[in-house]
Amino acid sequence: MTRFILRRVGQALIVLLVMSFVIYSLIGLMPGDPIDVMIASNPGATPEVVAHLRAIYGLDQPIMLRYWYWLVAALQGDFGFSRTHSQPVLEVLGPALLQTCKLMFASFILSVLLAFALGVAAALKPGGIIDNIVSLFAFAGISVPVFWLALVMILVFAVQLHWFPASGISTVGDGGFNDYLRHLVMPVTTLALANTGHFTRFVRAAMIETLRMDHVRTARAKGAGEGRIVMIHALRNAMIPVVTVMALSFGSLFSGALITETMFAQPGMGKMIYDAILGNDFNLALTGLLFATLVTLLSNLVADLAYGWLDPRISL
Amino acid sequence: MKFRAALALLLATAGAATAQPKHDTLTIGIAQFPSSLQPDIDPEVVRGYAMGFVIRQITAFDKDWHNTCLLCTELPTLDNGLAKIEDLPGGKKGMAVTIKLKPDLQWGDGQPVTAKDIAFTWKLGSDPSSGFSNGNPWNRATKVDVVDDHTAVLHLDKVRSDYNQWDQILPEHIEGAIVAKDNSAGAYINGTNYNRAPINPGLYDGPFIITSYESGNQIVMEPNPHWSGTKPGFKRIVLRHIENTAALQANLLSGDVDMVAGEGVGLTIDQALSLQKAHPDQFHYEFKPSLTYEHIDLKKENKLLADVRVRRALLMAMDRQTMVDRLFQGKQPVAATWVNPLSPMYDASIPVVKFDLPGAKALLKEAGWTPGSDGVCRNAAGDRLAFELGTTAGNRLRELQEQVLQSNWKNACIEVTLKNEPARTLFGDTLKHRTYTAMEMYGWSSAVTESPFRTLGTSQIPNQANNFGGANYPGFSDAKMDADITAVDGELDPAKQKAIWADMQKLYADQIPVLPLFFRAEPHITPTWLQGYTPTGQGDVSSYWAENWHAG
């Protein structure tokens, strides 16, 4: 087990190194730099000033040289300075990561709970009324665009009903737990609904397959109750493919909540990375994307370890 | 049971949403967020807006576009003796400009704002390694004499018409330590307290100070206890960043934000017009024509565009007024040149070229272009009168305008194909390296009395020599225009200034290096109870007078 973990950590480090090079090069391939856009809107941007600013931000250096400087500093724990936030990268990353964690964990747990409840209920009687209703809900969740869902939520619950605030993470001057909870309800629900559809379909499919297996039939023949059959004999076996899907989704949650964060003005990782890429903020974009990659790699490692726990026959 | 308890808690917290204190706090929605709070480095419109509440320029153009004092007691002029022409070594002429600060100015920590702060700001701003790129550069002065606590004399390197336009002063007692510690290139940008400690009250000399700053999310401001001017009308002003403009509208309707900033950092004009149509009485709407000039650059090297008659025919075939009426309900004034009618330098004798399709066709015929069987004009050599028109992809309004113009020009036997690119590609490559073939449509911002040096000066044509740093993207080059620009930048007599400006506008209207479209109108959407709010339409934004805002 220890050898397996060490091997996977080593692989992860190599992936991170390659990814850092690829991401840096791709951002560098984008035309122009932030100073170019500034020229059109700033009367003070004379060619001399522009040249000075490019030198100060290091934009006059070849991209490979800039990458090398970044890598050497990053290996010493200095991830550089964010140009678009005018703060050290780690100081920008910290609050965004915290905000994303709150949003993501809450929505992930909610969507997993919903998916298991709905998926199992649907799988018990494939083609039945419950299955049809759950499938309709799941397909709606999969096909409805997140920005539309978010907008509808805002219009119904903020504009019409005034139940929840339309944006932000807390009310200025309040900041209590209830206030914080109220700001989290709509973004968490939106994200959870968007993810539940996918998860539900996987749980349903895995459960239908497992419930047809010999060991389940044997348990039924031995007179085991339906609840025991589902929870003990079927669900654990059905979780293996579901865990893989959820592990992959968990990693992408850290970089993929851009739309929800933008619509509800939640300053999280997705929006931060997106803005950093558009703003040619190499240091921030790179560190953010590498972090998202790391989370994906780690969640896959956790999934691999979970296989062994779920099915002892699987050897790591 | 637990579920019921949770539901009860949820509904209780939901019900609390509407229990907000009335009008002590003004929450303003903004669709962009400043990348920094340092006012002089790489200034953005949204930063100018945010900083307008908390730190003031020495002078600013007011709502009527008149230069006025914000921190000084009297605007320096030759007439009042606060500005003088002085002799420089080598027989050159310079200027001595006396700034007299208001005597009771204080930073937010109670320290007085003094002439030493002016000298400090000048020294820092003149050093290229500091990265200052503010609109009124400090390096215009070669020396600063501190006469007393409230008086400084700035010695300029030459006679300049912008001698009495000066930006923010920085607090030496806060920022001095940063500069003293390390003055290498980039050190100040990374170390300035405006970014590292933005809630330090000593950084601000305006009516408000920043009390909370969450990068990318919101800025909270409260009254500056040491402000000696008009007492602010709000206990708190919150700038909340909501990037998605559909969500921004929803926040406005739900009451989560009280108003949306104009100044190009809030809703687009079509969104504001739709909102006004749907909710005419819920808010106060004001559409303020601004200095942002929408236009189409014509590439000088395009051989078909070399003939001024073709350029004029393009202009005459554009039905700009109908386009503005249909798309923007007539709120955006059609432009004759780059000079806004609200500018003191505007020459009303230069007419806006009216839509004249027969006239355009006649002019093309005179230039040797006759319609072919496919409806597109050809000349004797068989060339088709066809151009590419580009703009920023994804900008819905510009894309609509393109389609209208394409249709207009088709009626005049001019074929136009559309080739749009993302803003980064357009500004970062196509315009910068002038790789476009014929026409590019975009907006341009300038200062109230800024000469067209950057956009029409020959030296500003982007090329290898200036490291592609210029902004004369059409490649316009005219000796008379260059001479006028040089003359107007050094002319102090207002009457002579106006005559030179008139000459430049005439040259522009005659030679048509650019097809003028219109001046963008800024949609300001404010609560009906807000009083004292005055949009300016130019770079010195409404927040420079935020102490006058109050609930009525």
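User: In this predicted model, does C72(B) count as buried or exposed, and at what relative accessibility?

Analyst: The model is a predicted one. Residues under 20% relative accessible area are taken as buried. C72(B) falls under that cut-off and therefore counts as buried, its relative accessibility being 2%.

User: Which residue forms a disulfide with C72(B)?

Analyst: A disulfide is a covalent bond between the sulfur atoms of two cysteines. In this case the two sulfur atoms lie 2.0 Å apart. The partner of C72(B) in the disulfide is C69(B).

User: Is the disulfide of C69(B) and C72(B) left-handed or right-handed?

Analyst: The handedness follows from the torsion about the S-S bond. For C69(B) and C72(B) this torsion is about -105°, so the disulfide is left-handed.

User: How many disulfides does the structure hold over all chains, and what is the pairing of the bonded cysteines of chain B?

Analyst: Over all chains, the structure holds two disulfides. One joins C69(B) to C72(B), and another joins C377(B) to C413(B), with an S to S distance of 1.7 Å. When the bonded cysteines of chain B are numbered in sequence order, the pairing reads 1-2, 3-4.

User: How many residues apart are C377(B) and C413(B), which link distant parts of the chain?

Analyst: The link of C377(B) and C413(B) is left-handed, with -70° about the S-S bond. C377(B) belongs to strand 14 (residues 377-378) of chain B, while C413(B) is in the loop between helix 12 (396-411) and strand 16 (415-418) of chain B. The two cysteines are 36 residues apart.

User: Are C377(B) and C413(B) buried or exposed?

Analyst: The cut-off for a buried residue is under 20% relative accessible area. C377(B) has 1% relative accessibility and so is buried. C413(B), at 7% relative accessibility, therefore also counts as buried.

User: What is phi of C413(B), and what is phi of Q329(B)?

Analyst: Most residues other than glycine have a negative phi. Both C413(B) and Q329(B) have a positive value instead. Q329(B) is in the loop between helix 10 (320-328) and helix 11 (357-366) of chain B, and is partly exposed, with a relative accessible area of 47%. Phi is near 65° for C413(B) and near 50° for Q329(B).

User: How many cavities of 30 Å³ or more are there, and how much space lies in the largest cavity?

Analyst: The count comes to four cavities of 30 Å³ or more. The second largest cavity has a volume of about 90 Å³. In the largest cavity the space is about 220 Å³.

User: Which residues lie nearest the centre of the largest cavity?

Analyst: The lining of this cavity comprises 21 residues: by class, 13 are nonpolar, five polar and three charged. Strand 12 (283-298), strand 17 (439-444) and helix 14 (453-456) of chain B each contribute at least two residues to the lining. Nearest the centre of the largest cavity lie Y293(B), W338(B), W444(B), T455(B) and Y508(B).

User: Which residues of chain A line the second largest cavity?

Analyst: The lining of the second largest cavity has three nonpolar, six polar and three charged residues. Residues of chain B in this lining include S35(B), Q38(B), D42(B) and R47(B). From chain A, the lining residues are Y57(A), R83(A) and S86(A).

User: Why is strand 18 of chain B largely enclosed by the rest of the structure, and which residue of strand 18 stands opposite P289(B)?

Analyst: Strand 18 (residues 514-527) of chain B is largely enclosed because 13 of its 14 residues are buried. Strand 12 and strand 18 of chain B pair in the antiparallel sense over twelve bridges. Opposite P289(B) stands A521(B).

User: Which residues does N183(B) touch, not counting residues up to four places away in sequence?

Analyst: N183(B) is in the loop between helix 4 (172-181) and helix 5 (187-191) of chain B. At 54% relative accessibility, N183(B) counts as exposed. Its C-alpha atom is separated by 39 Å from that of D79(B), 104 residues apart along the chain. With residues up to four places away in sequence left out, N183(B) touches D127(B) and S129(B).

Terms used: Residues are numbered from 1 along each chain as its sequence is written. Chains are lettered from A and ligands numbered from 1 in the order in which they are written. This is a predicted model: local features need pLDDT of at least 70, side-chain atom pairs count only at pLDDT 80 or more; totals for chains, interfaces and linings use all residues. Side-chain values use heavy atoms; hydrogens and water are left out. A disulfide is a pair of cysteine sulfur atoms within 2.5 Å. Buried means under 20% relative accessible area, exposed over 50%, partly exposed in between (1.4 Å probe, protein chains only). Helices (H or I, at least four residues) and strands (E, at least two) are DSSP runs, numbered from the N terminus. On a 1 Å grid over the protein atoms alone, a cavity is a set of points where a 1.4 Å probe fits but cannot get out, and a pocket is an open set with protein on both sides within 12 Å along at least five of seven lines; lining residues have an atom within 4 Å of a point. Grid points are joined across faces, edges and corners, and a volume is the space filled by probe spheres set on the points. Ala, Val, Leu, Ile, Met, Phe, Trp, Tyr, Cys and Pro count as nonpolar, Asp, Glu, Lys and Arg as charged, and the others, Gly among them, as polar. Contact means heavy atoms within 4.5 Å. Two strands pair if DSSP finds at least two bridges between them.
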